[in-house]
Amino acid sequence: MDHTAHHSSRNTHDCTGSGEHHGGHAGASWGTAAKATLHCLTGCAIGEILGMVIGTSLMWGNVQTMILAIALAFVFGYSFTLFAVRRAGLDFRTAIKVALAADTVSIAVMELVDNGIIAVVPGAMDAHLSDGLFWAALLGGFAVAFLITTPVNKWMIGRGKGHAVVHAFH
């Protein structure tokens, strides 16, 4: 199924009510891009924090903990979209395709930025759950990831890609 064509024929409004279209030449509003990024960030943050908590609690090394955190960020990020489009009536296989198309780039950019920040903040990789540095680096990384990922999502939504494919099913 061509989700872009389906999207443009069924529902071309954005979630902000601004009247701008996701596809075509109108582009996407910053509000729509921010909302899509926040949706994605929520799933990523839950997965990443859970991974960091599990890895740190089990006294795993930094690499193993980061791999778990990134994997869970993708799982939770995709699952938020997957559950939403399943509720809209999509079969499981199509819902997976929509979630992958909608969120892969957004989650990847977010995780690259967030984990890159954690890796470069002195002492953050060795901080424990009870350390303020752990939470400051993690939350600061999320904030910077949001700021960098929002324009990426705006560009993608404006071209009928990324989170725009989900809006066809709202």
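Which helix is Thr 81 found in? Hold that thought for a second, while I say what we're looking at. This is a predicted model, so to speak of local features we want pLDDT of at least 70, and side-chain atom pairs count only at pLDDT 80 or more, while totals for chains, interfaces and linings use all residues. Numbering runs from 1 along each chain as its sequence is written, and side-chain values use heavy atoms, with hydrogens and water left out.

Okay, back to Thr 81. Thr 81 is found in helix α3, residues 62–87. Helices here are DSSP runs of H or I, at least four residues, strands are runs of E, at least two, and both are numbered from the N terminus. Thr 81 counts as buried because its relative accessibility is 1%. Buried means under 20% relative accessible area, exposed means over 50%, and partly exposed is in between, with a 1.4 Å probe and protein chains only. And who does Thr 81 touch? Leaving aside neighbours within four places in sequence, Thr 81 is in contact with His 39, Ala 99, Ala 102, Asp 103 and Val 166. By contact I mean heavy atoms within 4.5 Å.

Zooming out for a moment. The protein has 6 helices and 0 strands, so you read the pattern as α-α-α-α-α-α along the sequence. Of its 170 residues, 43% count as buried. Taking contacts with a separation of 6 or more, 66% are between residues 24 or more positions apart. The protein exposes about 8,400 Å², and carbon and sulfur atoms supply 70% of that; the areas come from the Shrake-Rupley method with a 1.4 Å probe, and for residues only the protein chains shown count as cover.

Now the core. A nonpolar core here is a set of buried Ala, Val, Leu, Ile, Met, Phe, Trp, Tyr and Cys residues joined through side-chain atoms within 4.5 Å. The largest one has 29 residues, and Cys 44, Val 85, Val 98, Met 110 and Val 166 touch the most other members. Two or more residues come from each of α2, α3, α4 (92–120), α5 (132–158) and α6 (164–167). The largest share, 9 residues, comes from α4. Val 166, you'll remember, is also one of the contacts of Thr 81.

On to the cysteines. How many disulfides does a search of the whole structure find? The count is 0, where a disulfide is a pair of cysteine sulfur atoms within 2.5 Å.

Last stop, α2 and what follows. Helix α2 (30–57) has 28 residues and reaches 39 Å from first C-alpha to last, close to the 40 Å expected at 1.5 Å a residue; the expected span is 1.5 Å times one less than the number of residues. Ile 54 sits in α2 and is partly exposed, at 31%. Ile 54 touches Leu 68 and Leu 72, not counting residues up to four places away. Ile 54 and Leu 68 are 14 residues apart in sequence but 8.5 Å apart C-alpha to C-alpha.

Then comes Met 59, in the loop between α2 and α3. Most residues other than glycine have a negative phi. Met 59 has a positive phi of about 60 degrees, although it is not a glycine. Met 59 is exposed, with a relative accessible area of 75%.
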